[in-house]
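Please view the sequence and the model first.

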Amino acid sequence: MSSFCIRPAVDSDLRHLYEMAKLTGGGFTNLPPDRRALIAKLARSHDAFAGDGDGKVKDELFVLMLEDRATGEVRGTCQIFTHVGQKHPFYSYRIGTLTQHSRELDRTFRAEMLSLTTDLEGASEVGGLFLHPGERAGGLGLLLARSRYLFMRANRPRFADRVLAELRGVIDEAGGSPFWDGLAGRFFGMNFQEADQFNAIHGHQFIADLMPKHPIYTAMLTETARAAIGLPHPSGRAAMRMLENEGFAFEHYIDIFDGGPTMTARTDQVRTIRDARESTVVAIDAHPGREALVATGRLTDFRCALAEIRDGDGGIILSEQAANTLDLTVGDTVLHIDR
Ligand SMILES: CC(C)(COP(=O)(O)OP(=O)(O)OC[C@H]1O[C@@H](n2cnc3c(N)ncnc32)[C@H](O)[C@@H]1OP(=O)(O)O)[C@@H](O)C(=O)NCCC(=O)NCCSC(=O)CCC(=O)O
């Protein structure tokens, strides 16, 4: 087990966030390579961690970081929004069908249409998931993604009953988006990269403002735009698999910008939220145990790590390594779930 640990972002993480944002290759709405936008994110996250939820529905943002406690190196990040669409409308396209029959021709046609909706307004959102390429395929992506669900469980009243995640859509080799070119791009006078850059600095709102409000028949889109509907960017397949493993499903909502799939779940049915257990640490030793995710704390003191645990008398026995990584001692309460 490693000494990697998830912790709340602090203002001095700007450098790390910026470095990671530069590595994403663009089109990653929640992690733009723009210092001003990242400073604003960190300030918003700072406020969210400092408050304790006053019962009002707000769109708060929590930014988490993956740090190697042995070296102090930051290797990943992820985000959680409490209620999207409180300030600016949260638009999605819903894919629907309209079936029509002609008696004279004896033909039935099913037309697929994209309707602009704000159906997902008020839901919580997980996003901004990024692991340094050098650390992939070793379980840390899983730690990053699932730590958010343990955080939500620890702060359940602050989150909505529904949770969504937007996956990046298909981007071609030239950095363009076939879905953008076939639809939104025709109403903006800019290519995808320009829109992406504008979006990073000024936010999503201009897209919503200029987007055509009438339903779009997909039969009228170009073949390449149509083929991109609901398809994730190839680098997002691991993220999609992890969402599916948690019980998220594609319910016919897509991003209005790049056509990427929006996955949704009932918050209390997300596997990690539903199945996590709260236990007391009854002992700490160096014997091997089963692999689990262990979290402690609730807000600025929140920490989460991969750990070896065993069942003990009246609680769990934790590995020494995990106890050091998470600063835990006997008698502390933790949230945990097997890997
Ligand atoms: C997403 C992560 C953090 C995932 O980390 P890793 O790559 O280390 O993941 P992993 O442990 O190798 O794999 C996790 C699960 O995905 C499966 N998997 C891996 N690669 C796959 C592929 N190409 N196709 C299908 N499934 C794949 C693995 O088998 C495993 O599932 P089993 O356990 O079943 O075997 C990383 O790939 C990354 O930083 N990618 C680039 C940035 C990105 O695209 N981020 C997502 C943006 S979308 C977003 O942020 C919203 C979504 C969200 O926030 O959750």
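The points below cover the ligand site, the salt bridges, a surface patch and some features of the backbone.

This is a predicted model, in which local features need pLDDT of at least 70, side-chain atom pairs count only at pLDDT 80 or more, and totals for chains, interfaces and linings use all residues. Residues are numbered from 1 along each chain as its sequence is written, and side-chain values use heavy atoms, with hydrogens and water left out. A search of the whole structure finds 17 salt bridges, and 24 residues lie around the ligand.

**Ligand site**

- Among the 24 residues around the ligand, L129, L131, A137, R148 and N245 come nearest; a residue is near a molecule if one of its heavy atoms lies within 4 Å of it.
- An oxygen atom of the ligand is 2.7 Å from an N or O atom in the side chain of R148.
- The elements that give two or more residues to the shell are β6 (124–131), α3 (140–154), β7 (162–166) and α8 (237–245). Helices (H or I, at least four residues) and strands (E, at least two) are DSSP runs, numbered from the N terminus.
- Helix α8 provides the largest share of this shell, 7 residues.
- By residue type, the shell holds 12 nonpolar, 6 polar and 6 charged residues. Here Ala, Val, Leu, Ile, Met, Phe, Trp, Tyr, Cys and Pro count as nonpolar, Asp, Glu, Lys and Arg as charged, and the others, Gly among them, as polar.

**Salt bridges**

- A salt bridge is a side-chain nitrogen of Lys or Arg within 4 Å of a carboxyl oxygen of Asp or Glu.
- One of them joins the side chains of D327 and R69 (3.2 Å, N to O). D327 lies in the loop between α10 (320–326) and β15 (333–338) and R69 in the loop between β2 (61–68) and β3 (74–81), so this pair ties together parts that are 258 residues apart in sequence.
- D327 is exposed, with a relative accessible area of 55%, while R69 is partly exposed at 37%; buried means under 20%, exposed over 50%, and partly exposed in between (1.4 Å probe, protein chains only).
- Another salt bridge links the side chains of R156 and D268 (2.8 Å, N to O). Because R156 is in the loop between α3 and β7 and D268 in the loop between β10 (261–266) and α9 (271–275), the pair ties together parts that are 112 residues apart in sequence.
- R156 counts as buried at 17% relative accessibility, whereas D268 counts as partly exposed at 40%.
- R7, D13 and E67 are linked in a network of salt bridges. R7 lies in strand β1 (residues 4–8) and counts as buried at 12% relative accessibility.

**Surface patch**

- L98, Y217 and M220 make a nonpolar surface patch of about 310 Å². Patches are made of residues with over 30% relative accessible area and no salt bridge, with like charges joined within 9 Å and nonpolar side chains (Val, Leu, Ile, Met, Phe, Trp, Tyr) within 5 Å.
- Y217 is found in strand β8 (residues 216–217) and is partly exposed, with a relative accessible area of 35%.

**Backbone features**

- T325 and C5 are 320 residues apart in sequence and 6.7 Å apart in space, C-alpha to C-alpha. T325 lies in helix α10 and counts as buried at 4% relative accessibility.
- D106 has a phi near 55°, a positive value in a residue other than glycine; D106 is placed in the loop between β4 and β5 and is exposed, with a relative accessible area of 62%.
- H252 has a phi near 70°, a positive value in a residue other than glycine. H252 sits in strand β9 (residues 249–254) and is partly exposed, with a relative accessible area of 43%.

How values were computed. Polar contact = N/O pair within 3.5 Å; in protein donor to acceptor, adjacent residues only side chain to side chain. Areas by Shrake-Rupley, 256 points an atom, 1.4 Å probe, with all protein chains shown as cover.
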